[in-house]
Amino acid sequence: MTSLLLPVVTGESSSAARLPVAVNAHLARYRGRSRDHTASDLRVFLLWCAERDLDPLAAQRAHLELHVRWCQEVRRFKPSTVSRPTSVVCGFYRTCVIDGRLEHSPAQWLRRPTVPPESPTLGLTHLQFEALLTAARESANVNDFALVAMLGLLGLRIFEACAPPTSPTSGRSTATGCCGWSARAPESSSCRCRPRSGGRSTRAVDGRADGPLLRNRRGARMDRHAATRRLRHLADQAGVRLPRMHPHMLRHTFVTTMLDAGVDLRDVQIAARHADPRTTMRYDRARKNLDRHPNYILAAYMASGN
């Protein structure tokens, strides 16, 4: 478990003593990766306040507006990147009100940046993904095919792909996701041992009964930085020319490919483990295509006489 973001101090001013308690009380509402990410985003705001000698518990709405502008104009963050820590700050002040540390939240009327309806992340086309799979299948590195398969065929997040225990005989992959959720998905035929894959997907197991599936050259658990380097190497081998190859592009490809193939949005949401269907809809590149308009289904239903 992540350590507390701020140490609880005693013998100092009431303001200095109240802030660590408030911060740690808010972080106690989360666990796992969600707690890590919340602490990271909240730390940015607290450091911003410290640089300006501002007590976060005495901040007003105008201060929070200035912090949002600082993220946009100084740090040059994209709207989605600004929206996430802003939501964390709003949640922090909401917890302070619930716990009785503040009478009202200064973030109640805070204006949040508008997030575009479409995800800015670039995904691979069907042919590019096939080329990447082929390069991973033919790679001498035993981790490459398992890495690409878990990200692009199972839709795991990178920290989930790097963390799950080996399960060589179950035919399923199990990983712990955000908020401690357990993700369990059947391996597709492309991910399991087919004749043309030559058993590449199980070579990463290497006869082990436990431990991380993906390992680096030292035998330790592969992290996201090592995974990114492997993906960029495979992209070069496959002739996939993209400006910035990173692991989330394969999860993006996983979602967009299913939507393009006509899989129901609800089923894609469940497969991607999105808490909000609006998150899945941001990946739907063809959602404005009139050929998929529900009026056609309604007209066909009415014409059938049922």
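Author: Phe45 has a relative accessible area of 1%, so it counts as buried. The cut-off matters here, because a residue is called buried when its relative accessible area is under 20%. Keep in mind that the model is predicted.

Phe45 is part of helix 2, while Tyr93 is part of helix 4, which covers residues 79-98, so the pair ties together parts that lie 48 residues apart in sequence. Like Phe45, Tyr93 is buried.

How many aromatic pairs are there in the structure as a whole? There are 3. Another of them joins Phe45 to Trp48, and this one is stacked, with 6.3 Å from centre to centre and 20° between the planes. A pair of aromatic rings is described by two things, the distance of the centres and the angle of the planes. Why can Phe45 and Trp48 pair within one helix? They are 3 residues apart in helix 2, which runs over residues 32-51, so about one helical turn separates them. Trp48 is buried too, at a relative accessible area of 4%. Ring pairs join Phe45, Trp48, Phe92 and Tyr93 into a cluster.

Stay with helix 2 for a moment. Thr38 also lies in it, and with a relative accessibility of 8% it is buried. Apart from its neighbours within four places in sequence, Thr38 is in contact with His26, Leu27, Tyr30 and Val88.

The loops give a contrast. Asp53 sits in the loop between helix 2 and helix 3, the latter being residues 61-73. At 75% relative accessibility Asp53 is exposed. It has a positive phi of about 55°, although it is not a glycine. Arg76 is a second case: it is found in the loop between helix 3 and helix 4, and its phi is positive, near 65°, again in a residue other than glycine. Arg76 is exposed as well, with a relative accessible area of 67%.

Now look at the wider arrangement. The protein has 13 helices and 2 strands, and buried residues account for 40% of its 306 residues. In soluble globular proteins, nonpolar side chains tend to be buried together. Here the largest nonpolar core has 33 residues, and Leu132, Val148, Leu214, Met245 and Leu250 are those with the most contacts inside it. Two or more residues each come from helix 5 (126-138), helix 6 (144-152), helix 7 (158-162), helix 9 (224-238) and helix 10 (248-260). The largest share, 7 residues, is given by helix 6. A second, separate core has 27 residues.

Leaving aside neighbours within four places in sequence, its contacts are Leu124, Leu132, Thr228, Leu231, Arg232, Ala235 and Leu250.

Helix 10 can be followed in two directions. Towards helix 6, the axes are 7 Å apart and the packing angle is about 50°, so these two helices are oblique to each other. Val148, Leu151 and Gly152 of helix 6 meet Leu250, Arg251 and Phe254 of helix 10. Towards helix 11, residues 265-272, the angle is about 160° and the axes are 10 Å apart. Helix 10 and helix 11 are therefore roughly antiparallel. The crossing of helix 10 past helix 11 is right-handed. On the helix 10 side the contact is made by Arg251, Phe254, Val255, Met258 and Leu259, and on the helix 11 side by Leu265, Val268, Ala271 and Ala272.

One last number concerns the whole protein. Of the contacts between residues at least 6 apart in sequence, 58% join residues at least 24 apart.

Note on methods: Residues numbered from 1 in each chain as written. Predicted model: local features only at pLDDT ≥ 70, side-chain atom pairs only at ≥ 80, totals over all residues. Heavy atoms only, no water. Core = buried A, V, L, I, M, F, W, Y, C linked by side-chain atoms within 4.5 Å. Buried < 20%, exposed > 50% of the residue type's maximum accessible area, 1.4 Å probe, protein only. Helix = DSSP H or I, 4+ residues; strand = E, 2+ residues; numbered from the N terminus. Contact = heavy atoms within 4.5 Å. Phe/Tyr/Trp six-rings, centres within 6.5 Å; stacked < 30°, edge-to-face > 60°. Axes fitted to C-alpha atoms, helices over the stretch in contact; angles between N-to-C directions. Parallel < 35°, antiparallel > 145°, perpendicular 65-115°, else oblique. Left-handed = near helix turned anticlockwise from the far one by under 90°.
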